[in-house]
Amino acid sequence: MTTVRTPAGWPATEEEAGAVQDALRTKVVLDEAGPPPGTGHVTGVDVAYDDERDVVAAAAVVLDAATLDVVAESTAVGRISFPYVPGLLAFREIPTVLAALEALPRTPGLVVCDGYGLAHPRRFGLASHLGVLTGLPVIGVAKNPFTFTYEEPAAPRGSASPLLAGHEEVGRALRTRDAVKPVFVSVGHRVSLDNACAHTLALAPAYRLPETTRRADALCRRALREAVPALTAD
DNA sequence: GCGACAG
DNA sequence: ATCTTGTCGC
């Protein structure tokens, strides 16, 4: 497991963070379809916190896209680099997530993260941010609709409806299990919305959430449990 | 001004 | 995100 410090020049205020988003947003690539589902590698990233001890742990888990077998994984720990502010989630997670991705022994392929990409107040959520910084194709799969609205998709798995900011489609509510609450998919970087949904469905054959985020979630929690006692021993 | 609000 | 036991159902 690698250890990270908050990067020099990291935004300290909400104003600075917002300015960073506005600047980086111009670098998002939205006109690529992205890798086809079921081929190559797909990597899930997730983060767990211990706010009391100011510790954050990130995990990256690489799956074979065809079999969903784990082929590689890595973790990183660091200090919390930003408070949780809706719309500024990326500033809390990105330094540690980047460290985990860089520690992987192989190419991540498509990256799937918790949270949003385009579906964001400034159209630049975690998945967009991570994509611009790494150049990798990235999508966001969130568990909640945030401030956006949607019509309930039909009951069968695979049904979807637009996730709306007013009349603008910023993502999709996608049902991954019959009659179970949908997940909320949005584009991050270098992947189309249709393809992002196809990947999400392929990655969630049995549970509501994609295997990528399930594996990454379990791993970062474990990394946090193991890291806190070590960091707290002095 | 007040409330809601990814993780 | 996180605090947390049992419990209903396939």
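This is a predicted model: local features need pLDDT of at least 70, side-chain atom pairs count only at pLDDT 80 or more; totals for chains, interfaces and linings use all residues.
Residues are numbered from 1 along each chain as its sequence is written, chains are lettered from A and ligands numbered from 1 in the order in which they are written, and side-chain values use heavy atoms, with hydrogens and water left out.

Five of the seven residues of β8 are buried, where buried means under 20% relative accessible area, exposed means over 50%, and partly exposed lies in between, with a 1.4 Å probe and protein chains only.

Which strands pair with β8? On one hand there is β7, residues 160-165, which pairs with β8 in the antiparallel sense over six bridges, and two strands are said to pair if DSSP finds at least two bridges between them. Within that pairing, leucine 163 stands opposite glycine 171 of β8, and in the hairpin, where two residues lie between the strands, glycine 166 takes a positive phi near 70 degrees. On the other hand there is β9, residues 183-189, which is antiparallel to β8 and pairs with it over three bridges, with valine 183 in β9 as the bridge partner of leucine 174.

I turn now to the DNA. DNA strand B is surrounded by 18 residues, the closest being Tyr84, Gly87, Tyr116, Lys143 and Asn144, and a residue is near a molecule or strand if one of its heavy atoms lies within 4 Å of it. Of the atoms of DNA strand B that come within 4 Å of the protein, sugar and phosphate account for 43%. The residues of this surface divide into seven nonpolar, six polar and five charged, given that Ala, Val, Leu, Ile, Met, Phe, Trp, Tyr, Cys and Pro count as nonpolar, Asp, Glu, Lys and Arg as charged, and the others, Gly among them, as polar.

Several contacts reach base nitrogens of DNA strand B. A polar backbone atom of tyrosine 116 is 3.1 Å from a base nitrogen, an N or O atom in the side chain of histidine 120 is 3.3 Å from a base nitrogen, and a backbone N or O atom of leucine 88 lies 3.4 Å from a base nitrogen.

Next come the salt bridges, each defined as a side-chain nitrogen of Lys or Arg within 4 Å of a carboxyl oxygen of Asp or Glu, and the whole structure holds 14 of them. One of these joins glutamate 152 and arginine 175 at 2.7 Å, N to O. Because glutamate 152 lies in the loop between β6 (138-142) and β7, and arginine 175 in the loop between β8 and β9, the pair ties together parts that are 23 residues apart in sequence. Glutamate 152 is exposed, at 52% relative accessible area, whereas arginine 175 is buried, at 5%.

Finally, the cysteines: how many disulfides does the structure hold? It holds zero, a disulfide being a pair of cysteine sulfur atoms within 2.5 Å. The sulfur of cysteine 197 is 14 Å from the closest cysteine sulfur, that of cysteine 113, which is too far for a bond. Cysteine 220 is likewise in no disulfide, with the sulfur of cysteine 113 the nearest at 13 Å, and cysteine 220 counts as buried at 0% relative accessibility.

Conventions: Helices (H or I, at least four residues) and strands (E, at least two) are DSSP runs, numbered from the N terminus. A polar contact is a pair of N or O atoms within 3.5 Å; within protein, one must be able to donate a hydrogen and the other to accept it, and residues adjacent in sequence count only if both atoms are side-chain atoms.
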